[in-house]
Amino acid sequence: MDISSVFKNNEKWIESKLALDPQYFDKLASGQYPEFLYIGCSDSRVTAEDLMGIQPGEAFVHRNIANLVNNVDLNVMSVLNYAVRHLKVNHIVVCGHYNCGGVKAAMQPADMGILNPWLRNIRDVYRLHHDELNAIQDEEKRYERLVELNVQEQCVNLIKTAAVQEAFKERGLKVHGWVFDIHTGKLIDLKIDFDKILKSIREIYNLYPEVE
Ligand code: CO
């Protein structure tokens, strides 16, 4: 791909937007009111807006390797706090994907240098669900299940935070776990039962004793 084509594409995109609505960019510049925060993988094949068919302004987006919500990552925590406490999103989505290179790397016995502490988060997910994962004989299926469990644990990480617990109490903020199936293009809702998970971890992670 020729990098200069990016600017030609941009000109075409501007034209197409203005053809539909001459005020398009004035409206875009006036502010953002996204309904949800999307946390996904940096993988070039998993383009948040494109696969959901959404437009600029509709989702606040954070992407990193293997869609991790790490407690001490200032980046994801800043995005989360801004989206929940200032933009007041009503939904947070963690979207993983099958064939995730980050998850695959975390299944290998290999020193990945600077990536080690990041991928360790996924190894910890494996340890938490060790029995279930090791019972799966087919390696491909085990890999897919780890992708799903990683999404689930990142959703749990979200509900451990003060911002999410507060918004949950205030306005019923919802957390969703999805997986993008790269083989078919389908977006799969893992239908994680967060009320159940929240109840089971409340004793340990609750930051607002009055949340019931
Ligand atoms: Co990935």
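Strands (E, at least two residues) and helices (H or I, at least four) are DSSP runs numbered from the N terminus. The model is predicted: local features need pLDDT of at least 70, side-chain atom pairs count only at pLDDT 80 or more, and totals for chains, interfaces and linings use all residues. Residues are numbered from 1 along each chain as its sequence is written, and side-chain values use heavy atoms, with hydrogens and water left out.

Select Cys41 (SG), His97 (NE2) and Cys100 (SG): these protein donors lie 2.1 to 2.3 Å from the cobalt ion. Cysteine 41 counts as buried at 5% relative accessibility, and histidine 97 is buried at 1%. Buried means under 20% relative accessible area, exposed over 50%, and partly exposed in between (1.4 Å probe, protein chains only).

Next, select helix H4 (residues 74–86). Val76, Met77, Val79, Leu80, Ala83 and Val84 are buried there. They cover an arc (of the directions from the helix axis to the C-beta atoms) of only 160° around the axis, which puts them on the same side of H4. The face turned away from that buried side carries exposed Leu74 and His86.

Finish at phenylalanine 7 in helix H1 (residues 4–20). Phenylalanine 7 is exposed, with a relative accessible area of 58%.

Notes:
Donors = N, O, S within 2.8 Å, 3.2 Å for Na, K, Ca; no water. Expected span 1.5 Å × (residues − 1).
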